[in-house]
Every structure is written in structure tokens, then in C-alpha cells.
Amino acid sequence: MTISPDFSAASTAVTAVLAAYLLLGEPWAGRRMYESLARRRDTEPRALVHYFGLVLTLWWAFAALAVAVLLLSPGTDAADFGLTAPDRPVYVVTGILLAAAIATASGRNFHDLAQRGRNVPGLASIEAMLPRTAEERRFAIAVAVTDGVGAELVYRGLLIAFGVGALGLDLHAAAALSVLVYAVAGFYQGYRGVLAFALLGTVFTGLYLATGSLLLPVAVHVFLSVRDLTLPAPEKPRVAHEAAV
């Protein structure tokens, strides 16, 4: 994979501000937002809907900034941001089908474990975000899809292009920097969340570099997010919620 983005002064400024926020501001803002949700989850019936609404707004704002950067850079085309057909379509389609099968199978297993009150890996760190009503579930799916698309466009497409085109980094060095920025976004889940995001970011980045397109990492990201955000909430919080209502 090779890219040759040419950032204008305006697009460099916009991306630098966004990257600084993602690295220095987002980890703390995300943690405060999640802690606030966790405190209000069992006493305010629409707390999760409001939280998801804010998350959707933020992701669409970030995605809009990424598109604005592309439009502000005449020397950069969509392919430099991964918005192109993959180099090996057959492999990508196979990868998407395989990821869908794995996400479905593991999702069923996690769902069964949660229903029986057994431990589900990583469940405790996102417990406050798990839906308890049909409306919350619809919002959860919308957030999962938006997160998959938005995160890949911003963290992989935009930041890697910025590292190469504006910072003059080697492609792989720019990719490593984007993984670092993505990893700290998991701080709202604690330090284990940072490690989990670092691992996932490495996987998504590897898929992007291997295929030259965001299609496969977006698909895998969406499958995993939908799987995780549609798990049933633990029974104890659900009872507390119904009592509050």
C-alpha cells in the first residue's frame, strides 16, 4: 500500500487540532462522560439514550471534519484516506464473511453467558452502555455502526494520511502513531481498555495496510461493536432500572 496525500495549510491546521483533541482531550472527556452515565444509569430512565445521542453527534462531527480536510486538500484524493476499492476484492469479501461468522458465533456465546450470569470478557467495562429496552437497543446499533465507520475514517484514514502527508512520516510510522492515538481513546474503560484498544487498533490498521482500503476494517469494526453493544445488561442493573421506572 502506498499513499501520497498533500495537505493544504488549512487542512493541516484542522487535522492538527482534531488530532490534539483525540490524543489529549478525548480520553478524559470520554471517561467523564462514561462515569456520569454509570452514576445516572439506574435512576434516569433515558440516561443511556441521551448518552448515545451525544456519542452519535460527536462521531458525525469528527467524520464531517475528516471529509472537510479532504475537500480542503486539492492534492489529496479519496484513496489517500482509504476511500477506495480494496486491492484484493476476493480476499476482502472472504474476510468480511469470516468476520461476520466469528462475530455472530462469539456474540451468541457471550449472550448465553450473560443470560446465565456468567463472566463475559470485557463486559464489566461497558456495563453502563448495555441496552435494556428496545429503544436503547436501536440506539446501540446506530452507535455501533457509526463508531465502526467514523473511527476507521478518522483514526485510520485521516490520521495515517496526516502522518504521511503533513508530518512526513513513513507509512508504517504514521500507522503506529494512529494506533497510539486510538489506544488512549479506550481510557474510559480504564487501563485495560487502553490495552484492548491498542490491540484492536493494531488489527484494524493491519487490515487497512494489507488491503489499501477501509472497507474490511470498517466491516470488522462494525461487527465487533454491534456484537458488544447488543449484549444483555446484567440482571441486577435491569431490576434496579425497572424499580426506578
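These legends walk you through several close-up views of one predicted model.

Residues are numbered from 1 along each chain as its sequence is written, and side-chain values use heavy atoms, with hydrogens and water left out. Because the model is predicted, local features need pLDDT of at least 70 and side-chain atom pairs count only at pLDDT 80 or more, while totals for chains, interfaces and linings use all residues.

**View 1. Confidence along the chain.**
The average pLDDT (the predictor's confidence in each residue, from 0 to 100) is 91 for the chain. A score of at least 70 is reached by 96% of the residues.

**View 2. The largest nonpolar core.**
This core has 65 residues; a nonpolar core is a set of buried Ala, Val, Leu, Ile, Met, Phe, Trp, Tyr and Cys residues joined through side-chain atoms within 4.5 Å. Two or more of its residues come from each of helix H1 (9–40), H2, helix H3 (89–115), H4, helix H5 (171–184), helix H6 (191–211) and helix H7 (215–229). H4 gives the largest share, 13 residues. Helices here are DSSP runs (H or I, at least four residues), numbered from the N terminus. Leu22, Leu37, Tyr51, Met129 and Tyr155 have the most contacts inside the core. Leaving out residues up to four places away in sequence, Leu22 touches Pro27, Phe62, Val154, Tyr155, Leu159, Val181 and Val184.

Thr15 sits in helix H1. Its relative accessible area is 1%, so Thr15 is buried (under 20% is buried, over 50% exposed, and in between partly exposed, with a 1.4 Å probe and protein chains only). Beyond four places in sequence, Thr15 is in contact with Phe7, Val69, Leu158 and Phe162.

**View 3. Glu44 in a loop.**
Glu44 lies in the loop between H1 and H2. Glu44 counts as partly exposed because its relative accessibility is 35%.

**View 4. The largest pocket.**
A pocket is an open set of points on a 1 Å grid over the protein atoms alone, with protein on both sides within 12 Å along at least five of seven lines; a cavity is a set where a 1.4 Å probe fits but cannot get out, and lining residues have an atom within 4 Å of a point. The largest pocket has a volume of about 1,200 Å³, where volume is the space filled by probe spheres set on the points, joined across faces, edges and corners. Of its 46 lining residues, Ile126, Tyr188, Gln189, Phe197 and Asp228 are the closest to the centre. H1, H2, H3, H4, H6 and H7 each supply at least two residues of this lining.

**View 5. The second largest pocket.**
This pocket holds about 230 Å³ of space. Its lining includes Ala100, His111, Arg137 and Phe223. H3 and H7 each supply at least two lining residues, and the largest share, 6 residues, comes from H3.

**View 6. The largest cavity.**
There is 1 cavity of 30 Å³ or more, and the largest cavity holds about 30 Å³. Trp59, Trp60, Ala63, Thr146, Val149 and Gly150 line this cavity.

How values were computed. Contact = heavy atoms within 4.5 Å.
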